[in-house]
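Take a guided look at this protein.

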Amino acid sequence: MANHTTETLVGAAVLAVAVGFLGYASKFTDFASGGSDYALNASFRSIEGVSVGTDVRMVGVKVGTVSDIKLDTELFRATTVLSMRDGVPVPNDSTAVIASEGLLGGNFVEILPGASFDNYQPGEEILDTQGSVSLMNLLLKFVSGSGDSGSTN
């Protein structure tokens, strides 16, 4: 009988730890937010290093994720859908930029907020965008000396 009581208590403790872990994990993965997002569209010339699930940040704070990427075959641009957290306004003169976390870090979409008092409405498109810069292309320009060095020799 004492054996069953011990097993029951250990099982309850394991179950309580598992529930606590799931609650902790859902807090940091936005699992608990459950559909309180709104979509904004943005079109980029290059989205190298960005995929579905990539963070969307504003002033360093995660405010959404990239939820869809498609190729616009008429303009040859990458059209993205940004799933923004509800309650986070984006001024309608903001800029969407593909930024890098560092030399070896991944890319993310950064929203540079503007000064407008009017905000984008769900489904609208952020018109001012800047695509990603290829680190390899920059290095090749630097090594080959084909970049503008500012000298007038």
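F76 is exposed, at 59% relative accessibility. Here buried means under 20% relative accessible area, exposed means over 50%, and partly exposed is in between (1.4 Å probe, protein chains only). F76 sits in the loop between β3 and β4 (77–85). Helices (H or I, at least four residues) and strands (E, at least two) are DSSP runs, numbered from the N terminus. The phi angle of F76 is near 55°, a positive value in a residue other than glycine.

A word on the source. This is a predicted model, in which local features need pLDDT of at least 70 and side-chain atom pairs count only at pLDDT 80 or more, while totals for chains, interfaces and linings use all residues. Residues are numbered from 1 along each chain as its sequence is written, and side-chain values use heavy atoms, with hydrogens and water left out.

Now move to V59. Its place is in the loop between β2 and β3 (61–72). V59 also has a positive phi, near 45°, and is not a glycine. V59 is exposed, with a relative accessible area of 66%.

Next come the charged side chains. Side chains of opposite charge can pair when their charged atoms come close. How many salt bridges does a search of the whole structure find? There are four. A salt bridge is a side-chain nitrogen of Lys or Arg within 4 Å of a carboxyl oxygen of Asp or Glu.

Start at D55. This residue is partly exposed, at 21% relative accessibility. D55 pairs with R57, and their closest N and O atoms are 3.5 Å apart. D55 also meets K62 in a salt bridge, at 3.6 Å from N to O. K62 is partly exposed, with a relative accessible area of 27%.

Follow the chain of contacts on to R57. R57 is buried, at 18% relative accessible area. Its side chain meets that of E101 in a salt bridge, at 2.6 Å from N to O. E101 lies in the loop between β5 (95–100) and β6 (107–112), and R57 lies in strand β2 (residues 55–58), so the pair ties together parts that are 44 residues apart in sequence. E101 is partly exposed, at 48% relative accessible area. Together, D55, R57, K62 and E101 are linked in a network of salt bridges.

Now look for open space. The largest pocket holds about 320 Å³. A pocket is found on a 1 Å grid over the protein atoms alone: an open set of points where a 1.4 Å probe fits, with protein on both sides within 12 Å along at least five of seven lines. Lining residues have an atom within 4 Å of a point. This pocket is lined by 18 residues, and S100, N107, V133, S134 and L135 lie nearest its centre. Which strand gives the most to the lining? It is β5, with four residues. Both β5 and α2 (135–144) supply at least two residues each. The lining divides into seven nonpolar, 10 polar and one charged.

End at the surface. V133, L135, M136, L138 and L139 form a nonpolar patch there, with about 490 Å² of accessible area together. Such a patch joins nonpolar side chains (Val, Leu, Ile, Met, Phe, Trp, Tyr) within 5 Å, from residues with over 30% relative accessible area and no salt bridge. M136 is in helix α2. M136 counts as exposed, at 55% relative accessibility.

Technical notes. Points joined across faces, edges and corners; volume = space filled by probe spheres on them. Nonpolar A, V, L, I, M, F, W, Y, C, P; charged D, E, K, R; others polar. Patch = residues over 30% accessible without salt bridge, like charges linked within 9 Å, V, L, I, M, F, W, Y side chains within 5 Å. Areas by Shrake-Rupley, 256 points an atom, 1.4 Å probe, with all protein chains shown as cover.
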